[in-house]
Amino acid sequence: NVSNLVNQWHTAVVTATTTTLSLNNGTAVNVMHGTAVPVGITVKPVAPATGTPTGDVSLVANSSTGQGADFFTLVNGAVDASLNSTVFLPGGSNYQVKAHYEGDGTFLGSDSSPVSVIVNPESSLTSISIVTPSSNNATSIAYGSPYVLAVQVTNLAGTLCNPNGSGGPVCPTGTVTLTDNGNRLDGVNGNFSLNSLGEFEDQPIQLPVGTHTIKAVYVGDNSFTGSNSTAVITVTQAATTTSVAANPTTATAGQTVTLTAT
């Protein structure tokens, strides 16, 4: 393989390309997070070469960190802005977005010049639920029974997010603070980190008997504003059973019998 690589290197023919990116049809991008922004991309071979590059082109946001935002498949060497848009630009002010062409068997990859964008955070929706074996949103539970306190953060419409960054809204990130009747609840001083789905579960929770006002406060991130939610949970006394056992169960007069109450 090494010999073939050295001896046949001169037969390899690849062509450089140039990639251009247009967002919002050339108009400055200053939108709310989740707004569809038209995307136009063109990939051409460097003259005098000819041909049509094929494959995918990625949108890379925050070019210093290389955060992938979306991707498109070239059609005749281009992405038509009248047919294609993205809702996955992350929130942030005056950051850079570029198009990255990965190349194919004939054409080399290339990057476009960056485009500066402003994406303002959209409103979020925080929800609390008590999940039991029989209910996803219980309001009354018995002390000692199995349950999970679940918190989810979505966009204001309550649409489930997509952690893969395509096919659904971007997932909120950051932390949520839980309080019970005003006191920090579990976690690290009441703070919980959202997972890749924009949610978390307080699994080992066991509230004492009484009425509990549980409040979840989401602090927000670059893409979503903060929000909060309150749920009132009633914890009732656990049911009990009482039994008694004798040992021995048959005795003669004057014999000691042990009675055990449970």
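P248 is found in the loop between β20 (244-247) and β21 (258-261). The strands named here (E, at least two residues) and the helices (H or I, at least four residues) are DSSP runs, numbered from the N terminus. The peptide bond from N247 to P248 is cis, with omega near 0°. This is a predicted model, in which local features need pLDDT of at least 70, side-chain atom pairs count only at pLDDT 80 or more, and totals for chains, interfaces and linings use all residues. Residues are numbered from 1 along each chain as its sequence is written, and side-chain values use heavy atoms, with hydrogens and water left out.

Another cis bond runs from A47 to P48. Its omega is near 10°. P48 lies in the loop between β3 (37-45) and β4.

Now turn to the backbone at two asparagines. N189 has a positive phi of about 55°, although it is not a glycine. N189 sits in the loop between β15 (183-184) and β16 (191-193). N94 belongs to strand β8.

Two strands pair if DSSP finds at least two bridges between them. Strand β4 (residues 56-61) pairs with β8 in the antiparallel sense, over 5 bridges. Here L59 stands opposite A99 in β8. Strand β10 (residues 115-120) and β8 also pair in the antiparallel sense, over 5 bridges. The bridge partner of S93 in β10 is I118. Strand β9 (residues 110-111) is joined to β8 by 2 bridges, and the two run antiparallel. In β9, S110 stands opposite Y101.

Which residue forms a salt bridge with K98? The partner is D111, and the closest N and O atoms are 3.6 Å apart. The pair links distant parts of the chain, with K98 in strand β8 and D111 in strand β9, 13 residues apart. A salt bridge here is a side-chain nitrogen of Lys or Arg within 4 Å of a carboxyl oxygen of Asp or Glu. A search of the whole structure finds 1 salt bridge. Side chains of opposite charge can pair when their charged atoms come close.

Next comes the largest pocket. About 410 Å³ of space lies in it. Of the 23 residues that line this pocket, the closest to its centre are Q67, P90, V170, C171 and S223. A pocket is an open set of points on a 1 Å grid over the protein atoms alone, where a 1.4 Å probe fits, with protein on both sides within 12 Å along at least five of seven lines; lining residues have an atom within 4 Å of a point. Points are joined across faces, edges and corners, and the volume is the space filled by probe spheres set on them.

Strands β5 (67-73) and β8 (92-101) each supply at least two residues of the lining. The largest share, 3 residues, comes from β5. By class, the lining has 9 nonpolar, 13 polar and 1 charged residues. Ala, Val, Leu, Ile, Met, Phe, Trp, Tyr, Cys and Pro count as nonpolar, Asp, Glu, Lys and Arg as charged, and the others, Gly among them, as polar.

The last stop is a nonpolar surface patch. V2, L5, V6 and W9 make this patch of about 490 Å². L5 has its place in helix α1 (residues 2-8). Patch residues have over 30% relative accessible area and no salt bridge, and nonpolar side chains (Val, Leu, Ile, Met, Phe, Trp, Tyr) are joined within 5 Å, like charges within 9 Å. Accessible areas come from the Shrake-Rupley method with a 1.4 Å probe; for residues, only the protein chains shown count as cover.
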